[in-house]
Amino acid sequence: MTDSQCWTLSCQDKGTSTSDLAKAAAREGAPAGSAFLLGEQTAGRGRQGRQWSSQPGGMYVSVLLYPSRSVNSWFALSFATALAIYDVVKTHLTKQILQHDADLPIPAIGLKWPNDVLVNNRKVAGILLEAQGDSLIIGSGVNIDAIAPIDQNPHPPIAFGDFPGILPGPKQLAESYLKRLQFYYDLWERDGFAPVRDLWLGQALHMKQTISVHVAGQKITGTCIELLDDGGLVLLDESGTSHHITTGDVELIGR
């Protein structure tokens, strides 16, 4: 478990990626909780090698950690990170909207497996975990200024800027996010995946719902019935066949 006083945030205007900064810091022996914020990433990346749009106006931050639990349990921190971003998006977006007009509705915010945070069924953040020796780098990006769609994803981008009100600044958002991330990280270090899993399930959008998962060029559609202890989903298709999903892109049906 890390000491709360060790979590620090370094800020720069521009760089290749926050993960690159964290990796360099790890090589120099930086302590756990060292976090790096960039105003713009010139080579931001997401899951499965995808490019992550990182123009000025977003929160791009990576934090360096040295988990004490076994490497095969580090997957849980993907869920922990999604919870931290969920908390921050919900808190700051709700405040932004209600301060503008207390009568406006608050958008639906929830989680999609494995680590997506959705606002009105659109993706507001990206998360990337990268292991390097005994260190783990958690990279996160949250859309603040409105951005144009970058592909035909069924869950296109959304940002704070798509809603009325005064937008939070990247540093403000990052500081709030790091506090929540440390909370979930310490919870996992102390008690393992079980409590993180339960909290994640409480905000999941697709449990007991019909979803499609794209795995290795194949599309599997069925009812999502369980999140296993290894972080995988159990999907029950129309024929009654159970599928253990450990990787793939989830598409929510009928939302």
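At 24% relative accessibility, does Lys123 count as buried, partly exposed or exposed?

Mentor: Lys123 counts as partly exposed, because its relative accessibility is 24%. The cut-offs are under 20% for buried and over 50% for exposed, with partly exposed in between (1.4 Å probe, protein chains only). Two points on the source: this is a predicted model, in which local features need pLDDT of at least 70, side-chain atom pairs need 80 or more, and totals for chains, interfaces and linings use all residues. Residues are numbered from 1 along each chain as its sequence is written, and side-chain values use heavy atoms, without hydrogens or water.

Now the partner. The side chain of Lys123 meets that of Asp116 in a salt bridge, at 3.4 Å from N to O. The rule is a side-chain nitrogen of Lys or Arg within 4 Å of a carboxyl oxygen of Asp or Glu. Asp116 has 7% relative accessibility, so it counts as buried. It also forms a salt bridge with Lys112, where the closest N and O atoms are 2.9 Å apart. Lys112 is buried too: its relative accessible area is 4%. Put together, Lys112, Asp116 and Lys123 are linked in a network of salt bridges. Asp116 is the residue named in both of these bridges. Its two partners fall in separate classes: Lys112 is buried, whereas Lys123 is partly exposed.

Step back to the whole structure. A search there finds six salt bridges. One of them joins the side chains of Arg190 and Asp191, at 3.2 Å from N to O. Arg190 counts as partly exposed, at 49% relative accessibility. Asp191 is partly exposed as well, with a relative accessible area of 41%.

Move on to the rings. Rings of Phe, Tyr and Trp (its six-membered ring) pair within 6.5 Å between centres; under 30 degrees is stacked, over 60 edge-to-face, the rest tilted. Phe79 and Phe193 are both buried. They belong to one aromatic cluster, together with Phe75 and Trp200.
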